[in-house]
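Welcome! Here is a short briefing for anyone meeting this structure for the first time. Take a look at it below, then read on.

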Amino acid sequence: MSKYIIAGGNKIHGTLNIKGAKNSILPLMAASLLNESINIIHNVPLIADVYTMIDILRSIGCKVELDDHDLIIDSSILTSNEINEVYVKKMRSSIIVLGAMISRLEHVKIYEPGGCAIGKRPIDLHLKSLRRLGVKIDEGEIIDCERKDIIGKDIILETPSVGATENIILASVKAKGKTRIYNAAKEPEIEDLQNYLNKMGARVIGAGTDFIEIEGVKKLDKVEHTVIPDRIAIGTYMVASALTGGTLEVDRIIRSHIDPINNLLIKSGCDINYTQEGLILKAPQNIKSLNFVKTDIHPNFPTDMQAQLMSLMTLADGETVFYETIFENRFMHCSELNKMRAKTEVINPHVCRVEGVKKLYGSETKCPDLRGGAALILAALVGEGESIISDIHHVERGYEDIEKILKNLGADIKKA
Ligand code: EPZ
């Protein structure tokens, strides 16, 4: 398994161009099944999850070409109605293909995705919603779905699940009648999905709010679209500069997407100014403790930035309590950070207390998951001495060229 070797102490400094959002491109690629036509998507991040989704689309008959950061998907012909176990085990978010496939085909089979490191991640809301839309579902190791027509319905989500919201939208775009989602997830990636679908000729309104209405249409056309910037990747590199005393210019952001992250970075002492299309972050002299950080649904502070912000708080001038409300096992980076002489204490699966220390020290650590791994890289960038971080395949699922980008920004990092 590959490792990163990082010598800490260099400022992370310079200009950053981040490609499209991982959590947007995946549902967009699933949505490309709906128009039975050509889908051209620009600003695609070259990350492991995109390659897995390309394999999935090819495995069911799509023609897919990737040319630099441009993706061309021809979904005219499907040759299979089954999502192979190997893909689902590799990437649990492949469940997002289900909604689009059952919209297109009367019989679909997909392997039960199971949980992942950060939590059980059930799909009960996905399946309950699809059943409400008229899909007969037999659950087991293989989830076997059959339907006659998909009939638009009112659906109330007990939890504003991002994936369930996306699957309902994808399944309803060509349904008979209207589907209304109450307590829908409000993440920016859902707005991006709505924009993509409406460019095809769909009729979706309300994304970004907790009420989304989808009026079924008969036909969808080819589409061309540019993926929104990845707010989580941008936030991750901003923390790298904040930790190492650097100045970072990000060339393109969408302000409302990144504000929930910027608000806390400003409170921690960062100086953030907005440019025409982007922003400039200047690191604080001293990192101020945030006292209390709660993760929550958008537009609150995102769970996908919790680990990265914790790395910043390990060097703050006081204590910070993290309250992780979305997942039940998203503190696995804490014990790894403590190997670098951070002082984190996991109180329970949802609460972690961090006491700021003066310095972190390089150590051998192991990526527990995607964002926890990113947090370890951030800590290693500022830690004194050399760090060796293993299991970096987790990080490469969601960050394109992170080693090259950090090197260009001044980091002493190499892959072994
Ligand atoms: C999406 O996952 C993101 N992934 C996650 O990003 C992100 O952390 C999460 O949304 C929350 O914002 C992608 O978009 C590919 P959820 P998703 O359904 O859709 C519970 C990253 O680091 N739930 O909103 O799987 C679930 O257990 C990844 O980039 C049910 O109980 O998240 C969790 O506690 C990690 N039943 C909560 O809802 C269901 O049927 C939120 O999950 C579905 C979800």
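Predicted model: local features only at pLDDT ≥ 70, side-chain atom pairs only at ≥ 80, totals over all residues.

**Helix 8 with helix 12**

- Helix 8 spans residues 231–244 and helix 12 spans residues 370–382; their axes lie 8 Å apart at an angle of about 20°.
- On the helix 8 side, the contact includes Ile232, Thr236 and Val239, while the helix 12 side includes Arg371, Ala374 and Leu378.
- Sorted by class, this contact between helix 8 and helix 12 holds 9 nonpolar, 2 polar and 1 charged residues.

**Helix 8 with helix 9**

- Helix 9, made of residues 255–267, packs with helix 8 at an angle of about 20°, and the axes are 9 Å apart.
- That angle makes helix 8 and helix 9 roughly parallel, and they pass each other in a right-handed crossing.
- Among the residues that meet here are Ile234, Gly235 and Met238 from helix 8, and His257, Ile261 and Leu265 from helix 9.
- The contact of helix 8 with helix 9 has 7 nonpolar, 3 polar and 1 charged residues.

**Around the ligand**

- The ligand has 22 residues around it, and the nearest are Asp124, Leu125, Ser161, Asp304 and Ile326.
- Lys22 places a polar side-chain atom 3.0 Å from an oxygen atom of the ligand.
- In the side chain of Asn23, an N or O atom is 3.1 Å from a ligand oxygen atom.
- Val162 uses its backbone instead: an N or O atom there lies 2.8 Å from an oxygen atom of the ligand.

Technical notes:
Residues numbered from 1 in each chain as written. Heavy atoms only, no water. Axes fitted to C-alpha atoms, helices over the stretch in contact; angles between N-to-C directions. Helix = DSSP H or I, 4+ residues; strand = E, 2+ residues; numbered from the N terminus. Contact = heavy atoms within 4.5 Å. Nonpolar A, V, L, I, M, F, W, Y, C, P; charged D, E, K, R; others polar. Near = heavy atom within 4 Å. Polar contact = N/O pair within 3.5 Å; in protein donor to acceptor, adjacent residues only side chain to side chain. Parallel < 35°, antiparallel > 145°, perpendicular 65-115°, else oblique. Left-handed = near helix turned anticlockwise from the far one by under 90°.
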